Structures are given as structure tokens and as C-alpha cells.
Number of protein chains: 2
Amino acid sequence: MNERMRGLGAKKSIIRELFEYAKTVRAEKGADSVFDFTIGNPSVGAPQAVADAMKHLIDTVPPEVLHGYTSAQGDPAVREAIASYIRDTFHAPAQADRIYMTVGAAAALSICFAAILNPGDEVIVPAPYFPEYKVFVETAGGVLRPILSLPGSMKPDIAAIGAAINERTRILLINSPNNPSGAVIDSESLTALCALLAEKSREFGHTIYLVGDEPYRELAYDGVEVPYLTNYYKNTLVCYSFSKSLSLAGERIGYVLLHPECENASDMYAAICGAGRALGYVCAPSMLQLMIPYCLGKTSDISIYAKNRQMLYEGLTSFGYECVKPEGAFYLFLKSPESDAYAFLERGKAHGLLFVPGDDFGYPGYVRIAYCVQNETIAKALPRFEALAKEYNL
Amino acid sequence: MNERMRGLGAKKSIIRELFEYAKTVRAEKGADSVFDFTIGNPSVGAPQAVADAMKHLIDTVPPEVLHGYTSAQGDPAVREAIASYIRDTFHAPAQADRIYMTVGAAAALSICFAAILNPGDEVIVPAPYFPEYKVFVETAGGVLRPILSLPGSMKPDIAAIGAAINERTRILLINSPNNPSGAVIDSESLTALCALLAEKSREFGHTIYLVGDEPYRELAYDGVEVPYLTNYYKNTLVCYSFSKSLSLAGERIGYVLLHPECENASDMYAAICGAGRALGYVCAPSMLQLMIPYCLGKTSDISIYAKNRQMLYEGLTSFGYECVKPEGAFYLFLKSPESDAYAFLERGKAHGLLFVPGDDFGYPGYVRIAYCVQNETIAKALPRFEALAKEYNL
């Protein structure tokens with residue numbers, strides 16, 4: 001038996017663990033016994049366009065085509081629709097023959113790491129970061145090097161990132177809007193980061209790739225713009241998923257987009273295809289692929305998240321909690337009232353409140369509150385957060 | 001960039017390569033310009049039950065549930081339905097909490113190899129075998145050791161397998177009904193193989209697991225029985241996919257079933273969960289999971305394959321070709337009229353006939369003909385096979 005795998009299976013991610021705990025408590029004690037802010041599983045349903053597209057496909061496409069293998073890299077018309085959407089929407093470089101359809105963003109990231117890394121290679125990621133990054137990087141034989149973001153703004157610490165880049169660095173991994181902080185990397189920061197990558201690539205004589213994990217691209221509030229990465233840096237791979245924008249987290253559909261002018265683009269695209277093959281992916285689910293062109297640019301009802309964000313931010317800060325106001329995604333990164341965020345979680349649990357300690361995101365002293373829930377869930381939970389605040393005399 | 005991945009992407013599997021070639025030729029020269037017997041992509045559509053179940057789910061399950069994350073190991077009710085189906089149908093040990101839902105059989109196999117193997121561990125497989133096994137085993141750091149099956153019957157050579165097992169052997173991988181030979185491992189052979197595994201496990205002081213790749217379980221002809229593995233050996237993992245039985249090859253839905261009495265079953269199940277996590281799988285596509293209980297025991301119209309098998313076997317042998325009559329799956333393994341099967345393929349191409357050389361299945365001198373097509377395709381292709389036979393003066 002492989003010990004690493006046994007360990008990964010036995011010790012679930014804390015998010016998955018709390019998700020299962022909440023399911024159990026809820027089944028025993030009823031829906032309002034626990035308010036689960038742990039998992040980024042949208043409780044706002046997919047838009048009607050998804051159901052309409054699926055039924056339309058079932059009614060009009062012969063089943064042997066609808067459910068048959070696509071090319072390993074994905075249906076060509078689907079990839080063309082995506083490339084064209086990105087060119088039109090973000091005025092950014094994108095080409096169908098440099099897109100590879102994946103079984104969600106986790107697959108996209110795993111594939112990019114496997115395609116780029118050799119044993120011992122390093123991936124720099126600003127913390128806080130999604131904890132499974134470490135698992136995926138280590139599966140590819142790499143080493144994840146988190147660099148703490150600036151506590152005031154949760155923006156990447158560009159100087160610290162520059163200092164950390166060394167001859168083993170192969171990837172800078174960014175996630176904007178960020179899970180768990182909600183921070184968006186603005187155009188100015190991105191320009192500086194990309195200049196740094198170009199400089200360090202020259203210094204060390206090899207390419208340092210920019211990999212973007214972008215499932216939250218469409219979830220940005222107050223008109224905040226999320227820069228499109230291929231407008232900034234050639235050696236870029238964008239990992240996208242429709243999990244959050246279309247509330248399809250369980251369906252696993254996304255893609256890798258390689259910058260068409262990436263160095264050795266055709267070799268790199270081959271490595272992406274090879275990695276998908278080596279990891280057993282064969283092709284992304286066919287009907288979900290074919291559904292995409294009908295739903296590009298559509299989203300589930302994001303106004304619910306926008307309202308949640310406002311309610312939570314105003315409520316929590318009025319109770320005395322501290323946090324940076326999230327600009328995007330559906331997470332709020334709250335400063336724990338005591339330095340041990342796990343102890344804070346335990347006290348939250350007593351109030352039926354579940355959230356994830358920042359330690360698991362490489363950022364101790366904070367907790368992540370996932371607000372991809374209905375407005376009334378926030379309304380019902382706020383008094384509990386208030387009672388919890390009083391325990392801490394905030 | 002990772003050279004192994006670039007290589008795997010640049011050199012496609014010959015099956016995928018011929019599949020793409022056929023698509024191109026067909027697009028240029030029309031549907032009847034090429035008869036593609038290369039890929040196991042059923043051209044017999046999914047049964048109506050699949051469409052009905054999907055529409056029913058879309059109409060009755062709230063989208064946030066239908067398309068939301070399931071538990072990583074899969075929806076509990078779906079796993080219970082599968083376990084109960086296996087107990088009832090095959091009178092074989094099966095338990096919901098020892099089933100792990102996967103993104104098809106390729107994922108299931110990749111997960112089993114990652115869960116069991118450590119670098120340098122060996123996997124024995126009877127040849128001919130599905131070529132991607134080698135890719136998946138090597139991704140897990142293992143070494144694939146093919147053992148030629150008996151040419152008369154295409155049954156596993158049990159003596160040779162026994163001689164090949166050594167202190168690095170961790171898995172015997174079997175695929176019955178077999179791709180590409182169509183052979184079924186009967187109860188007697190399976191009993192002998194399992195006795196061998198038990199004996200060698202004792203001899204080498206560690207468990208040798210039996211891993212079964214079973215996407216063709218339902219495709220067996222003339223009343224041939226496909227023994228259910230957990231009735232024969234405790235340390236068994238069954239990899240199943242609905243790709244072929246329900247003609248859902250592009251959808252990627254299947255599972256790993258671990259024998260409930262496997263040694264250290266809960267650790268092994270944890271390793272399976274850990275491997276799924278490490279490879280980026282998150283969960284199997286949710287709506288496809290929920291569709292399964294409506295379709296267990298159903299199949300697409302297998303009588304079409306049964307008729308194809310008869311037409312092909314009778315036609316080809318009457319033209320003078322040699323082959324073992326397939327007992328299951330939808331492949332016929334034909335002896336190449338010249339020793340170089342690639343040369344035979346080239347001559348086939350000139351007649352618009354595509355099939356896959358046995359070399360790629362670890363069995364030179366043969367070709368695989370995938371007959372998962374409509375009856376009329378076989379009828380139209382047979383005269384071409386006859387013309388080809390005449391070229392060889394068969």
C-alpha cells in the first residue's frame with residue numbers, strides 16, 4: 001500500500017471533514033442546527049440555462065455522439081466557443097488549439113503541475129492559499145513554497161516573492177479572486193509580478209510560468225476588474241472551472257488555457273495533453289462539454305453573494321470582528337479573536353457555526369467563512385456570530 | 001517542462017491517432033470513405049433509460065443538489081444501490097462503504113495503482129492488454145510486466161504468470177472480457193490464478209492484489225458467464241465503468257469496489273480515497289452519479305454487438321483469416337496475414353479499413369477490430385476485408 005495515499009485518505013482536508021460533520025449534525029438535529037460556512041459548494045442553484053441546454057442536447061443530439069468520447073483535448077467546437085468568448089470579453093490572447101478541457105479546476109491544476117514540474121521543482125504561491133494546491137504539487141513531485149500576503153490588504157508581497165524565487169522555481173501560482181481572502185490582484189500588482197517573473201526567468205536562464213487558478217473570475221463585486229492573465233505574460237496557463245460561476249461544483253468541468261505565444265507552445269500543449277493522459281483523465285465529461293457553449297457568460301444569481309458579502313461584512317465588523325472586505329469570490333477571511341483559530345472554531349461550533357481555520361490556508365490567526373449560501377442563512381447566522389463576539393468581549 | 005508528459009502528449013496512443021485520422025478522412029471524403037474499427041467508442045446509443053433518468057433528475061432535484069459536490073467517495077445512496085445490485089446479481093461480497101465512485105475506469109485504475117504501488121513495484125498483466133495500463137502504472141511509479149497469453153485460446157498462461165511473480169510483484173491485473181481479444185477468464189482459470197496469488201503472497205510475505213478492469217462485464221455472448229472477482233479472492237479491487245454497458249464512454253463514470261474483507265480494508269479504502277484526492281479527482285460527476293441507480297442492470301442494445309460478432313467471425317474466417325472467436329467485449333483479435341501487423345494496417349487503410357496492430361497491446365502479429373458499430377457498417381466493410389484477403393491469397 002502507498003503510505004502517502006493512505007495518509008491523504010485517512011486525514012481528509014479539514015474542509016471535507018467539516019462538510020461531512022455538518023451533514024451528520026443536520027441529519028440528526030435538523031437544518032438550522034448548524035450553519036455550515038466551510039465548503040465552497042454553491043447553495044445558489046445553476047441558472048436555468050444549464051437545465052435548458054442539457055435538455056436541448058438530450059433531445060437533439062444522438063446519444064452515441066452526446067455521450068461518446070470527445071478528442072482527448074476536448075470537443076473542437078466547444079474549445080473554439082471558449083476561445084472566442086475570451087477574445088471578445090477580455091480582449092485577451094486565446095486559441096482553440098491551445099485549450100484543453102478538464103474534469104474541473106483541480107484536474108486542470110494537477111495537469112499543469114505534472115506538465116511543467118520535475119522532481120524537486122518549486123511552486124511559489126501567495127498565502128493564504130487553497131490547501132489542496134500542496135497535495136497536487138506534491139503529486140507532481142514538486143515543492144510548494146507559500147509566501148505570506150500583506151496582512152492589511154491580503155495583496156501578494158511582491159518583494160518577498162522576488163526574494164524567494166531561486167533556481168528551482170518553475171511556477172508562480174496565483175488565485176484571483178482569492179480563496180480564502182476574497183482579494184483580487186489588480187492590474188498594477190499583476191504587472192509588477194509579471195515583470196518580476198520575466199526578470200527572474202532571465203536571471204536563472206529558464207522559464208518561470210505563471211499559473212492562474214480562476215474559478216472565481218466572474219465573482220467580483222463593486223465593479224472590481226479581474227485582469228485577464230494572457231494580457232500580461234506570455235508564459236501563462238489559466239486554469240478555469242465552471243464550478244462556481246454556474247454552480248456546477250459537483251459536475252467537474254473546466255479547462256486549461258495556454259497562452260498561444262508561450263515559449264515552445266506546441267511542446268507545452270503536448271505536455272498538458274500527456275499529463276491529462278497520464279493521470280487517467282481520457283476526456284472531460286462529454287455532455288458537460290457540449291453544454292458550455294450555451295452557457296458562456298452566464299452565471300448563477302451572483303446578486304445573492306453580493307448581498308451576503310454586504311450583510312456579513314457589515315454585521316461582523318459591527319460586532320467588533322476584523323476583516324479585509326472581500327472584493328471577489330464568496331469567502332470572507334476573518335481575523336480570529338484569539339490567536340488559535342482552531343479554538344475559535346470550537347467555540348463557533350458550540351453556536352452551530354462552522355468555518356475553516358486559516359492555518360489550513362497557510363495563514364494562521366484567521367478563519368474562512370464561505371458565504372455561497374442563501375441570504376436567509378446569513379440573516380439567521382448573524383445573531384450567533386454576535387453572541388460569539390460577546391463571549392470574546394469584542 | 002516534464003519530458004515524460006511531453007512525450008505522452010506528442011506520441012498519442014495509436015488508437016487515438018487513428019481515431020483522429022478517421023475523423024479527418026471522413027470529414028473530407030464522406031462517411032463511407034473509411035471504416036473505423038479502431039476505438040471502443042460505442043456507436044450504439046445509450047438506452048432510453050439514460051435520457052429519461054437525466055431529464056427526471058433535472059426536473060425533480062434542485063440544481064444546487066443535482067450539480068453540487070458529493071462526498072469525495074461518491075453519493076452514499078448511489079454507492080448503496082451499486083453494492084446492493086452486485087450482491088443481488090452476482091451473489092458476491094460488496095459494501096457501499098467500500099465503493100469509491102470514479103471518473104470512469106481509467107481513473108479507477110489510476111487510483112488503484114497509486115493506492116497500492118510504491119516506486120519499482122511490479123504489476124503483472126496477461127497480454128494482449130489495453131496499452132494505457134502501462135501509462136497508468138508508470139505514473140504511479142510502477143513497472144508493467146506483460147505475460148503472453150496462450151495463442152490458441154487467448155487464456156492467461158498461468159504457469160508463466162507464476163514464474164514471473166517475484167518479490168516486487170504487488171498486483172495481478174486482469175481484464176475479462178478482454179480488450180482486445182474478447183476472451184473471458186472462466187471460473188476454473190480464475191480459481192487457479194487466485195490460488196497462485198494466495199500462495200505467492202505467503203511465499204513473499206506480502207499481499208499480492210488482484211485488480212480487475214471490468215468495463216465489458218455485461219458484454220458476454222452465447223451465455224458465457226463472467227465470474228465476479230470478489231467471490232474468488234479477498235484482496236481484490238474491481239474497476240468498473242458504465243462506458244460500454246450504457247454507451248457512456250465520453251461521460252466518464254465508474255467506480256472502484258474494494259472487497260469488504262480485504263486485508264486492512266479500511267486502510268486500503270483510505271488509500272483509494274487519498275489517491276483520488278492526490279490525482280485531482282475531487283468527486284465523480286454528480287448528475288452522472290445520481291443517474292446510475294435508475295440504470296443499473298440496463299444496457300444499450302447488445303444484440304447489435306452479438307450480431308456483429310457473428311457476421312465478422314463468420315465472414316472473416318470464410319475469407320481465410322484466422323482468429324479466436326471472441327466470447328465477450330466488442331473486439332475481435334485477428335491474426336495478421338503477414339507477420340508485421342503495421343504493414344497489414346497500411347494495406348487495410350488502402351481499402352478504407354482501420355484497425356489497431358496487436359503490437360500496441362503487447363501481442364504482435366495480430367490486429368484488433370472494434371465492432372461496437374452498427375450492423376450495416378460490418379455488412380459494408382466485409383467485402384473490403386474480402387478484397388484485402390485476396391491480396392494476401394488467403
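Reader: How many residues of chain B are in contact with chain A?

Author: This is a predicted model, in which local features need pLDDT of at least 70, side-chain atom pairs count only at pLDDT 80 or more, and totals for chains, interfaces and linings use all residues. Residues are numbered from 1 along each chain as its sequence is written, with chains lettered from A and ligands numbered from 1 in the order in which they are written. Two residues are in contact if their C-beta atoms, placed from the backbone, lie within 7 Å. Chain A brings 69 residues to the contact, and chain B brings 69.

Reader: Which element gives the most to the side of chain B that touches chain A?

Author: Helices are DSSP runs (H or I, at least four residues), as are strands (E, at least two), numbered from the N terminus. Helices that each supply at least two residues include α1 (3-10), α2 (14-29) and α11 (286-295) of chain B. The top contributor, with 10 residues, is α10(B).

Reader: How many residues on that side of chain B are nonpolar?

Author: Ala, Val, Leu, Ile, Met, Phe, Trp, Tyr, Cys and Pro count as nonpolar, Asp, Glu, Lys and Arg as charged, and the others, Gly among them, as polar. The side holds 19 polar and 9 charged residues. The nonpolar residues number 41.

Reader: How far apart do the C-alpha centres of domain 1 and domain 2 of chain A lie?

Author: Domain bounds come from an automatic or database domain assignment. Domain 1 of chain A covers 3-47 + 300-391, and domain 2 covers 49-295. Their C-alpha centres are separated by 26 Å.
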